[in-house]
Amino acid sequence: MRKVILSMQISLDGFAEGPGGDMSWLFKDDNEQWEDLFEMLQTVDLFLLGGGMFPDYRAFWKQALTNPQSTANPLAYAKLADKTKHIVFSHIMKDPGWANTQIVGGSVADEVAKIKAMPGKDIQVVGGAKLAAAVMDAGLVDEFRLRINPTILGGGKSIFRDQHWRYGLELVGVRSLKSGVVIARYRRKG
């Protein structure tokens, strides 16, 4: 069975976005984080995203493909994203506007469970916070790969708020980066 990996940047207090959608606190072009991400993506062939996050994600990475000022790591990710299948969970969106993307309007829990049972490589939950919380709450995350930024936001969108599923976790690895970001990897016990 495929593994679902929740791989996201969060603040020390567990927020994926600050108040008002603030993302200025993220370390965006850190070579060590890119290396770690590209290593993980070798085992992944499907990205899951929420409908709220997807339009900005799509616009940013499609633009990076043609922007002559794109640096090496963002360009490499844009090329990977352009050829990797995406599933976007949305009840509103009809046309994803990206050839590699399918819109799914059903239950996140039911759909992710079905996808997980299909043949293929691992699945990355890219975000946003609501989708990440829904996949966690359904008990479908096999590995947490959290890039914890050295910032306390005190509010915003949390991926852990309102969880009903209890996870017993085993530490797989931890890596402290020069930027102060800590990459913590946990695998679900059992």
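The axes of helix α2 (residues 54-66) and helix α3 (residues 72-83) come within 8 Å of each other and cross at roughly 115 degrees. That angle makes α2 roughly perpendicular to α3, and the crossing is left-handed. The model is a predicted one.

**The contact of α2 with α3**

- Two packed helices are described by the angle between their axes and the distance between the axes.
- From α2, the residues that take part are Tyr 57, Trp 61, Ala 64 and Leu 65.
- From α3, they meet Pro 74, Leu 75, Tyr 77, Ala 78, Lys 79, Ala 81 and Asp 82.
- The residues of this contact divide into nine nonpolar and two charged, with no polar ones.

**Leu 65 in the contact**

- Leu 65 is found in helix α2.
- Leaving aside residues up to four places away in sequence, Leu 65 touches Leu 75, Ala 78, Lys 79 and Asp 82.
- Leu 65 and Lys 79 are 14 residues apart in sequence, while their C-alpha atoms are 6.7 Å apart in space.
- Is Leu 65 buried, partly exposed or exposed? Leu 65 counts as partly exposed because its relative accessibility is 30%, and the partly exposed class lies between under 20% for buried and over 50% for exposed.

**The annotated domain**

- An unreviewed UniProt entry lists residues 2-182 as "domain: Bacterial bifunctional deaminase-reductase C-terminal".
- In the model, the span of residues 2-182 is 30% helix and 28% strand.
- The end C-alpha atoms of this span lie 26 Å apart.

Conventions. Residues numbered from 1 in each chain as written. Predicted model: local features only at pLDDT ≥ 70, side-chain atom pairs only at ≥ 80, totals over all residues. Heavy atoms only, no water. Helix = DSSP H or I, 4+ residues; strand = E, 2+ residues; numbered from the N terminus. Buried < 20%, exposed > 50% of the residue type's maximum accessible area, 1.4 Å probe, protein only. Contact = heavy atoms within 4.5 Å. Axes fitted to C-alpha atoms, helices over the stretch in contact; angles between N-to-C directions. Parallel < 35°, antiparallel > 145°, perpendicular 65-115°, else oblique. Left-handed = near helix turned anticlockwise from the far one by under 90°. Nonpolar A, V, L, I, M, F, W, Y, C, P; charged D, E, K, R; others polar. UniProt positions renumbered as here; feature names shortened; annotations may be inferred.
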